[in-house]
Amino acid sequence: MQLDSRNIAGQARSPSVGGVLPTNFVGGPDTVVEQIKRCRDEVGAGVVDLMFQIPGSHDLSFLMRSLELFGKKVLPRIREV
């Protein structure tokens, strides 16, 4: 299996999920929309499986705020992506 050669913050990282590094979309709504569009353009992603939960976090208020923001500000702009 060929290793994913990407790095995180300039540090080479070992693949952690099925032999590849996961792709993360981080930032405000405008940034996330652009990152999702770039993902589609560069790798041809037609379906994106998103996870909002922070592992180990017991504070659901951040998760709920993230879901609300995504639903109102990002989702309407990526429906056609």
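Author: Glu68 has a relative accessible area of 38% and is described as partly exposed. Please note that this is a predicted model.

Reader: Why is Glu68 called partly exposed?

Author: Buried means under 20% and exposed means over 50%, with partly exposed in between. The value for Glu68 is 38%, so Glu68 counts as partly exposed.

Reader: What makes Lys72 count as exposed?

Author: Lys72 has a relative accessibility of 58%, which is over 50%, and therefore counts as exposed.

Reader: How do you know that Glu68 forms a salt bridge with Lys72?

Author: The closest N and O atoms of Glu68 and Lys72 are 3.2 Å apart. The cut-off is 4 Å, so the pair qualifies as a salt bridge. Both residues belong to helix H2, four residues apart, about one turn of the helix.

Reader: Why is the contact of Arg40 with Asp41 called a salt bridge?

Author: The N to O distance between these side chains is 2.9 Å, within 4 Å, so the term applies to Arg40 and Asp41. Arg40, at 30%, is partly exposed, whereas Asp41, at 54%, is exposed.

Reader: What makes Arg38 and Glu42 a salt bridge?

Author: Their closest N and O atoms lie 2.6 Å apart, and the rule asks for a distance within 4 Å, so this pair also qualifies. Arg38 and Glu42 both lie in helix H1, four residues apart, and both are exposed.

Reader: How many salt bridges does this rule give?

Author: The count comes to four.

Terms used
Residues are numbered from 1 along each chain as its sequence is written. This is a predicted model: local features need pLDDT of at least 70, side-chain atom pairs count only at pLDDT 80 or more; totals for chains, interfaces and linings use all residues. Side-chain values use heavy atoms; hydrogens and water are left out. Helices (H or I, at least four residues) and strands (E, at least two) are DSSP runs, numbered from the N terminus. Buried means under 20% relative accessible area, exposed over 50%, partly exposed in between (1.4 Å probe, protein chains only).
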